[in-house]
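User: Could you take a close look at the nonpolar core and the aromatic rings here, and walk me through them?

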Amino acid sequence: YTDACIDDFFEAVEEEDHQAAMELLSTPLIEGQEQKEAISQAFSYVEGAFKSRKRIDSLHSISGMSKYDGEEQFTTYEVKTEEDRYYVAISIYASHGKVKGITSLSIIRADEWDALYPDHPYKGDYKRTPGVHVGALPS
């Protein structure tokens with residue numbers, strides 16, 4: 001599920017389609033003005049057309065531990081655009097085999113993260129790390 005969400009999100013960014021990006025978020029996140037602002041920040045932050053994505057962490061799933069009734073899946077990707085390279089940590093909510101939405105998505109330029117923490121993989125780490133955070137829990 002996370003592969004499709006990453007592809008859809010970066011397609012929305014490339015097309016500057018704020019509505020499509022908002023529709024990818026889970027229902028509790030869509031309601032907040034903060035999320036609209038975070039989507040705008042992500043659109044400004046990401047430069048260049050989407051080229052490729054590669055999962056750089058294993059897919060983790062948690063059932064019954066989420067505030068949602070279903071399963072939460074999270075992982076990290078390296079995403080390349082024509083202009084730059086990014087790390088993207090994504091968490092989605094799925095229920096009964098269907099994606100219900102992105103619960104958090106954190107983006108940072110790979111070079112920026114690697115300079116700060118060369119020995120640590122990017123996990124998004126909510127709002128405690130630099131970059132853009134959509135739907136991330138407060139620190």
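Analyst: Let's start with the core. The largest nonpolar core has 33 residues, and Phe9, Ile39, Val88, Ile90, Ile102, Leu105 and Ile107 touch the most other members. A nonpolar core here is a set of buried Ala, Val, Leu, Ile, Met, Phe, Trp, Tyr and Cys residues joined through side-chain atoms within 4.5 Å; buried means under 20% relative accessible area, exposed over 50%, partly exposed in between (1.4 Å probe, protein chains only). Among the elements giving two or more residues to this core are helix H1 (2-14), helix H4 (33-45), strand S4 (85-95) and strand S5 (98-109).

This is a predicted model: local features need pLDDT of at least 70 and side-chain atom pairs pLDDT 80 or more, while totals for chains, interfaces and linings use all residues. Numbering runs from 1 along each chain as its sequence is written, and side-chain values use heavy atoms, leaving out hydrogens and water.

Now the rings. There are six aromatic pairs in the structure, counted when ring centres of Phe, Tyr or Trp (its six-membered ring) lie within 6.5 Å; planes under 30 degrees apart are stacked, over 60 edge-to-face, the rest tilted. Phe9 and Phe10 sit with ring centres 5.9 Å apart and planes at 80°, so they're edge-to-face, and both are buried. Trp113 and Tyr122 are edge-to-face too, at 4.9 Å centre to centre and 75° between planes; both of these are buried as well. Ring pairs also link Trp113 and Tyr122 with Tyr87 and Tyr117 in a cluster.

Notes: Helix = DSSP H or I, 4+ residues; strand = E, 2+ residues; numbered from the N terminus.
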